[in-house]
Amino acid sequence: MKQEVDVSRTLKMLGVALLLITAVAAPAAARRYSAARAGDIVRLEDFTGRTVVSIVPGSGNMAFEMKVNGTNLLWWPFSTVEEFKARPVMSGIPFLGPWANRLDEQAFYANGVRYPFDMALGNVRGAIPIHGFLTTSPNWQVIELKADAASAWVTSRLEFFRQPSSMKQFPFAHTIDMTYRLQDGVLEVHTMIRNLSADPMPVAIGFHPYFRLADSPRDEWSVSVAARTHWLLAANKVPTGVTEPISRLFPDAQAVPLRNYDLDDVFSELVRDSSGHAVMTVKGRTQKIDVVFGERWRSAVVWAPKPGAPGQDRNFICFEPMAGITDAMNLAQKGLYSELQSVPPGGTWQESFWVRPGGF
């Protein structure tokens, strides 16, 4: 009898222990998302979607990997972050600010005032200044890093007004918050600008993301460009103010064979769905990437250069979300562009774009 009681008691204790183990293990087993930082790198992970996004906040807050089933769909020609820092080049998802792409002179216009650059400072270079000067800024600070049952995200802030050399070139005090959010295998990149200055602040920012497909080379890809208007460019790649229907460039903008084009082109009047989103797509044999533009991204540059020298890696395409066309601030001053956005004093500007992979 005593033996039966001991067995019963042992079984009950084992049952309790099993329940405790299950109770502890269940949340970890059920967890879909994680957000963690290791040294310079922040990683967001969607376990169910088998997607990992890696960001380096201290180098322009740049995302350099979006791996789906182990394949990186961002073009990033480096083996390590240290290699990138030693010789940074545009790759991954770079932020362009305070202006995107080119200006037609060493100055910009805002509110009818010409603001010339101090070229001796060295943060603005070239007769045609390009891509602003924030692409590899070390001044981003992570202010939130979290994951819950719905997504994983990281928000970093750049306090632009704290840097004298930045304010000298673009004298509008502001902050920029950028959030990378991974949800259901889709990456959202959300940007919010707060204007802390006393004057309206022009918004001419953008992103220059580099995408690649692993199932085929660049010349086998097809592209869909959701726009109505193509801007004609001068030799320096600055819009002339003259436009044409996109059909003049692409007979079918929904099925563009990339092998036939060497693209570095500016588009506007984006074609949007009922939610206000415009979708640009690159397709390979089985893989594809959709880049979804929110409403306040008013323009897109598509850059897909043909292969150059032997061994040169140009298996990428850039769908660039832009708040305005190239040289938006200066063309607005000349009366050649009517969609320049601005933020009132004390106000905010915010918008997202999304990277949606398929077939990886």
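This is a predicted model: local features need pLDDT of at least 70, side-chain atom pairs count only at pLDDT 80 or more; totals for chains, interfaces and linings use all residues.
# Reading strands, cores and a buried serine

Mentor: Strand β23 and strand β24 (residues 317–322) are antiparallel partners, joined by five bridges. Residues are numbered from 1 along each chain as its sequence is written, and side-chain values use heavy atoms, with hydrogens and water left out.

Trainee: Which residue of β24 stands opposite Val301?

Mentor: Glu320 in β24 faces Val301 across the pairing.

Trainee: How many bridges join β20 to β23, and in which sense do they run?

Mentor: Strand β20 (residues 263–270) is joined to β23 by six bridges, and the two run antiparallel.

Trainee: Why is strand β23 described as largely enclosed?

Mentor: Buried means under 20% relative accessible area, exposed over 50%, and partly exposed in between (1.4 Å probe, protein chains only). Strand β23 spans residues 299–304, and five of its six residues are buried, so the rest of the structure largely encloses it.

Trainee: In what order do the five strands of the open sheet lie?

Mentor: In a regular strand, side chains alternate between the two faces of the sheet. The open sheet here has the order β1-β2-β3-β4-β5, with antiparallel pairing. Its edges are β1 (33–38) and β5 (71–72), each of which pairs on one side only. Within this sheet, β3 (residues 51–56) and β4 (residues 62–68) share six bridges in the antiparallel sense. Across that pairing, Ile55 is set opposite Ala63 in β4.

Trainee: Which residues touch the most other members of the largest nonpolar core?

Mentor: In soluble globular proteins, nonpolar side chains tend to be buried together. A nonpolar core is a set of buried Ala, Val, Leu, Ile, Met, Phe, Trp, Tyr and Cys residues joined through side-chain atoms within 4.5 Å. The largest such core has 75 residues, and Tyr180, Phe250 and Ile317 touch the most other members. Strand β11 (residues 174–183) supplies the largest share of this core, four residues. There is also a second, separate core of 15 residues, with Trp75, Met90, Leu96 and Trp231 among them.

Trainee: What does Tyr180 touch, not counting residues up to four places away in sequence?

Mentor: Contact means heavy atoms within 4.5 Å. With those sequence neighbours left out, Tyr180 touches Leu44, Ile55, Asn61, Met62, Ala63, Ile93, Ala152, Trp153, Val154, Leu187, Glu188 and Val189. Ile55 and Ala63 have already come up as residues that stand opposite each other.

Trainee: Where is Ser166 found, and why does it count as buried?

Mentor: Ser166 belongs to helix α3, which covers residues 164–169. Its relative accessibility is 7%, so Ser166 counts as buried.

Trainee: Which residues is Ser166 in contact with, leaving aside its neighbours within four places in sequence?

Mentor: Apart from those neighbours, Ser166 is in contact with Asn123, Phe133 and Phe160.

Conventions: Two strands pair if DSSP finds at least two bridges between them.
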